[in-house]
Amino acid sequence: MYLKMLKLRLLNTIAPAYFFTATTVTFALQFYFFIPAIFENPDARINSSTLLHGAFFLFLILNALGNYVMTIRFPAASVQDAGPLVCSPRCTDRVDAHYLLNGRHFCKLCKKVILRRDHHCFFTGNCIGNRNMRYFIMFCVYTSTTCLYCLVLGVAYLTVEYSISFENPLTFLTLLPLSVGYFFLGAIPGLQFFIVLMLYVWLGIGLTCAGFCCQQILLVARGQTWCQLRKGQVVQTRSPWRSNLSDVFGRQWVLGLFLPVQTVGRLQDHAADKKES
């Protein structure tokens, strides 16, 4: 048990470091390689295409980072329970949380009682619940969009700089194994091989975040959490899906689609806390 918790704590540290490293690398590739090589116009002092794509990329990545910070800044800890409570003898969660008799969860990694806990996110290093679900969903939206946008520009960069044709759909499937072989044979430069690796990293992260986003929106609309779904618990009193979405996204949800700002008031947080009691 101690070894398992040590592994989970290690993952809780490595995952955020991996996220910030991938973000830094992505930022550097976009502004130092992709955008200048694809949209550069030697005849124009100010290239509108370069400015447009640079601004669009900044919008995506700043929203992804902003919602990432908001997810950490507004944890899902319950305001009524300050310390660890006694776990239920019927607890079946063997990973990182114990189901409590009062309907909350105590996360052994966060060391907090979590209000309407959905799951523990290792990339943010805390639990996702009622208070930060909206920021987590928007973080997934913008991270997946950023990754897929980088994937498109990465493919365009390889086409422009290294004359790799992607007209055949099988090209992308065979690109990684061929690049590995060519790199160790010294047939391609290290930068090209690194960009190919990043293409698959962006594809994997983008599809994973998109899947998380769709799953969480569906659960929120049903008024259910992943913990409840995994344990087979049926929500007895379900509100209309619009009410469930409003509870998570707040009344100013349109503003939250474009800016990483707080859209759920504290009064709603306290009301949700009392509702769980």
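**Close-up views of a predicted model**

**View 1. Helix 4 and helix 5 cross in a left-handed way.** Residues are numbered from 1 along each chain as its sequence is written, and side-chain values use heavy atoms, leaving out hydrogens and water. Helix 4 covers residues 170-184 and helix 5 covers residues 190-222; they pack at an angle of about 145°, with axes 10 Å apart. Here an axis is a line fitted to C-alpha atoms, for helices over the stretch in contact, and angles run from 0 to 180 degrees between N-to-C directions.

**View 2. Here is the contact of helix 4 with helix 5.** Contact means heavy atoms within 4.5 Å. Look for Phe172, Leu176 and Phe183 among the residues on the helix 4 side, and for Phe193, Leu197 and Tyr200 among those of helix 5. The residues of this contact comprise 12 nonpolar, 2 polar and no charged. In this sorting, Ala, Val, Leu, Ile, Met, Phe, Trp, Tyr, Cys and Pro are nonpolar, Asp, Glu, Lys and Arg are charged, and the others, Gly among them, are polar.

**View 3. The count of disulfides comes to 0.** A disulfide is taken as a pair of cysteine sulfur atoms within 2.5 Å. Cys121 is in no disulfide, and its nearest cysteine sulfur, that of Cys140, lies 7.3 Å away. Cys121 is buried, with a relative accessible area of 7%. For Cys147, also in no disulfide, the nearest cysteine sulfur belongs to Cys209, 6.2 Å away. Cys147 counts as buried at 7% relative accessibility. Buried means under 20% relative accessible area, exposed over 50%, and partly exposed in between (1.4 Å probe, protein chains only).

**View 4. Helix 3 and helix 9 have the highest and lowest mean pLDDT among the elements of the chain.** The pLDDT is the predictor's confidence in each residue, from 0 to 100. Helix 3 (residues 133-162) reaches a mean of 95, and helix 9 (residues 266-276) has 48. Over residues 270-274 the pLDDT is below 50, and this stretch has 10 contacts in the model beyond near neighbours in sequence. Where pLDDT is low, the predicted coordinates should not be read in detail.

Note on methods
Predicted model: local features only at pLDDT ≥ 70, side-chain atom pairs only at ≥ 80, totals over all residues. Helix = DSSP H or I, 4+ residues; strand = E, 2+ residues; numbered from the N terminus. Left-handed = near helix turned anticlockwise from the far one by under 90°.
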